[in-house]
Amino acid sequence: MLISPNSFGLGLRVEHYQALAEPGLAHKPDWLEIISENYLVPGGKPLRHLENLRRDYPLVMHGVSLSIGSSDPLDLAYLDQLKALADRVEPGWVSDHLCWTGVDHRNLHDLLPLPLNRAMLEHLLPRIDQVQQHLGRRLVLENVSSYLQFADDELGEADFIAELARRSGCGLLLDVNNVYVSSRNHHFDPRAYIDRIPAEAVVQIHLAGHEDQGDLVIDTHDHPICEAVWQLYEYTLRRIGPRPSMIERDDHIPPLAELLMELEEARRLAAELQLEPAT
């Protein structure tokens, strides 16, 4: 399913099922991002809502359980379920996070950062290839926010991600808010980070809010997007060109109209830049 670079999506949440299905919805999103794990069971109410919305909205899939960086073997049963869902809803792409979420077959339900070193790159490459072979499609990976750094880090995060994308062929979901959050926590220049990301690998952009405690910024996804993140988004678009962009709200879910007005701000900002997609 083709999704235009100049398009604007929204993370699908249960609270908005009914409102998104209303005919004549003003400022409707161009597409929806679904949390893959919410629809892996072949049947039931969630899947019925999804198939109803799919008639009106292109979909992309975003997972939280791949655990691509774990030392555990990849969960083939989970990959089978992902593939079945992708075959069913024909998403624009399938994404997950560049992180680990569990070990010894126990899911910790958190997106934990990886050591940024050569050993981890070599660990990730065959696992990404295995996922891409299993799904029969390119995997898209998202940069996560982090609150610590490892003593044996050898690369900056942007350089690590750039090399991973180049060697694995995976796509990138660039979460601009996560870049901002990590830049505040680790005291680096977020624009320099964006400069080092290979533009041609970026498939999608996430926008979100966070909790600012001054000397600590937490990626809560429960606030409106702040001005600093809007400015970094504008810089990112100037740097890499237009990309499908969406707002991700995971907690304190507001009425749909409020999120759609925030999405209008992304549309307005991108339109004012008058950027043309790369040919």
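Rings of Phe, Tyr and Trp (its six-membered ring) form a pair if their centres lie within 6.5 Å; planes under 30 degrees apart are called stacked, over 60 edge-to-face, and the rest tilted. The views below show a predicted model, in which local features need pLDDT of at least 70, side-chain atom pairs count only at pLDDT 80 or more, and totals for chains, interfaces and linings use all residues. Residues are numbered from 1 along each chain as its sequence is written, and side-chain values use heavy atoms, with hydrogens and water left out.

**View 1. The aromatic pair W31 and W93.** The whole structure holds 3 aromatic pairs. In the pair of W31 and W93 the ring centres are 6.0 Å apart and the planes stand at 70 degrees, so the pair is edge-to-face. W31 belongs to strand β2 (residues 31–35), while W93 lies in the loop between α3 (76–89) and β4 (94–97), 62 residues apart. Helices (H or I, at least four residues) and strands (E, at least two) are DSSP runs, numbered from the N terminus. W31 and W93 are both buried; buried means under 20% relative accessible area, exposed over 50%, and partly exposed in between (1.4 Å probe, protein chains only).

**View 2. Nonpolar cores.** A nonpolar core is a set of buried Ala, Val, Leu, Ile, Met, Phe, Trp, Tyr and Cys residues joined through side-chain atoms within 4.5 Å. The largest has 73 residues, of which L12, I68, L98, L124, L207 and Y233 touch the most other members. Helix α9 (residues 256–273) contributes the most to this core, with 8 residues. Apart from this core lies another of 8 residues, including I3, W31, W93 and V203.

**View 3. Helix α4.** The 18 residues of α4 (residues 118–135) reach 26 Å from the first C-alpha to the last. Among the buried residues of α4 are M120, L124, R127 and L135. The buried residues of this helix pack against α3, β4, β7 (139–142) and α5 (157–168), where contact means heavy atoms within 4.5 Å. After α4 comes G136, with a positive phi near 70 degrees.

View 4. Most residues other than glycine have a negative phi. H221, not a glycine, has a positive phi of about 55 degrees. H221 is placed in the loop between β11 (217–218) and α8 (227–240), and at 5% relative accessibility H221 counts as buried. Q274 also is not a glycine and has a positive phi of about 55 degrees. Q274 sits in the segment after α9 and is exposed, with a relative accessible area of 67%.

Note on methods. Expected span 1.5 Å × (residues − 1).
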